[in-house]
Amino acid sequence: MSDKENHVRPQRAAKKRAAAAICELGTASTAKKKKRVALAELTNFPTLPPAKPVPGSVKKPTKSKPSSAITKPATNFVNDNDDPQLCTPYVSDIYDYLRKLEVDPSKRPLSDYVQKVQSDVNANMRGVLVDWLVEVAEEYNLVSDTLYFSVSYIDRFLSSTALSRQKLQLLGVSAMLIASKYEEIKPPEVEDFCYITDNTYNKEQVVEMEAEILKSLKFELGGPTVKTFLRRFSKLGQEINNNSDLQFEFLCFYLAELSLLDYNCVKFLPSLVAASVVFLARFMLSPTKHPWNSALYQLTRYKPADLKECILNIHDLYLSRRGATLKAVREKYKQHKFKCVATTPSPPEIPLYFFEFRVTDP
């Protein structure tokens, strides 16, 4: 054997060992065990008292009450020219169409379906299910639109069909399966959704529930969600806000996902929830500055008084006065990739004069 062969063979052996090690690492990473959760029997949660403000956390105003007048800004338009996907020449027509579509009864759940249709499912059970679906969406890296569509399908189905609590989790995974097929590039398989429930339901049960949901929805799967309107509303909110764009955007996303947990928010139109989220996010980041102005009014077509009930609901959710036991959304937005917006401080109360609206020239 030549010296050259003696030198080459150890190199080949080293390369083979390195390749084998890489394969082992790849196998180990793909074999990462996913979360398996079987929701136990859902019961009512005790009503928690309103959270009390921490003494000394809010300073009393030393100045006189600021004016409720909202100054008209120099421009009332969102700068869309840098994003061709926003279809600037047609954006007004698009959003006019979406506003008409969101009030279509075929795409709206009943605001009181728990009282009128359901006998074994209540609002707290719905909140637990949605909170768990947030974890499922995180586990399978689903886009946020899939989560919003999933909740929409659940509410619309429960508005017309009475369901036992034992099948509520089955409804949740089947709705998310449909939403994934509608929205995702590569949706999870049916077996994945069975696995995530710790195989509480088999493939046949999930497929059967999928068919029931589709029939109930009459295959009307599209339509605007809160995220649809939030994309544009938050863009204007960022342009007139001095804080970090990402911080503001993630805070809006967090507040919007909190609204999904609350049955009381089902009655609000998606555009109204999106506008309320922008109002509340701007208030939290700049508590002494009026959160609204004529630009936001012209874009959203809502006055602060129109948003008051929804804003207060979401603010209570943020402060854990409502849904305190639901942790998935809160833990999700405590992560650094979301700028830890779940830890953003907020005054315990929103001044009532912020809900007054009067436009004045600058």
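How many aromatic pairs does the structure hold?

## Aromatic pairs

The structure, a predicted model, holds 15 aromatic pairs. Take Tyr 353 and Phe 354 as an example: their ring centres lie 5.0 Å apart with the planes at 80°, so this pair is edge-to-face. The angle settles the label because planes over 60 degrees apart count as edge-to-face.

Both partners are worth checking for burial. Tyr 353 has 18% relative accessibility and so counts as buried, while Phe 354, at 2%, counts as buried too. For Tyr 353 the cut-off to keep in mind is 20% relative accessible area, under which a residue is buried.

## A cluster and two charges

Next, have a look at one aromatic cluster, formed by Phe 250, Phe 253, Tyr 254, Tyr 318, Tyr 333 and Phe 338. One of these rings, that of Phe 253, has the charged end of Lys 227 sitting over it, 4.5 Å from the ring centre.

A charge also sits over the ring of Tyr 95: here the charged end belongs to Arg 232, and its distance from the ring centre is 5.7 Å.

## Around Tyr 263

Where does Tyr 263 lie? You will find Tyr 263 in the loop that runs between α10 (245-261) and α11 (270-285). With a relative accessible area of 8%, Tyr 263 is buried.

Beyond its neighbours within four places in sequence, Tyr 263 is in contact with Ser 111, Asp 112, Tyr 113, Val 114, Gln 115, Ala 123 and Arg 126. Of these, Tyr 113 is 150 residues from Tyr 263 in sequence, yet their C-alpha atoms are 9.8 Å apart in space. Ser 111 contributes its backbone oxygen, which lies 3.2 Å from a polar side-chain atom of Tyr 263.

Terms used: Residues numbered from 1 in each chain as written. Predicted model: local features only at pLDDT ≥ 70, side-chain atom pairs only at ≥ 80, totals over all residues. Heavy atoms only, no water. Phe/Tyr/Trp six-rings, centres within 6.5 Å; stacked < 30°, edge-to-face > 60°. Buried < 20%, exposed > 50% of the residue type's maximum accessible area, 1.4 Å probe, protein only. Lys NZ or Arg CZ within 6 Å of the ring centre and 35° of its normal. Helix = DSSP H or I, 4+ residues; strand = E, 2+ residues; numbered from the N terminus. Contact = heavy atoms within 4.5 Å. Polar contact = N/O pair within 3.5 Å; in protein donor to acceptor, adjacent residues only side chain to side chain.
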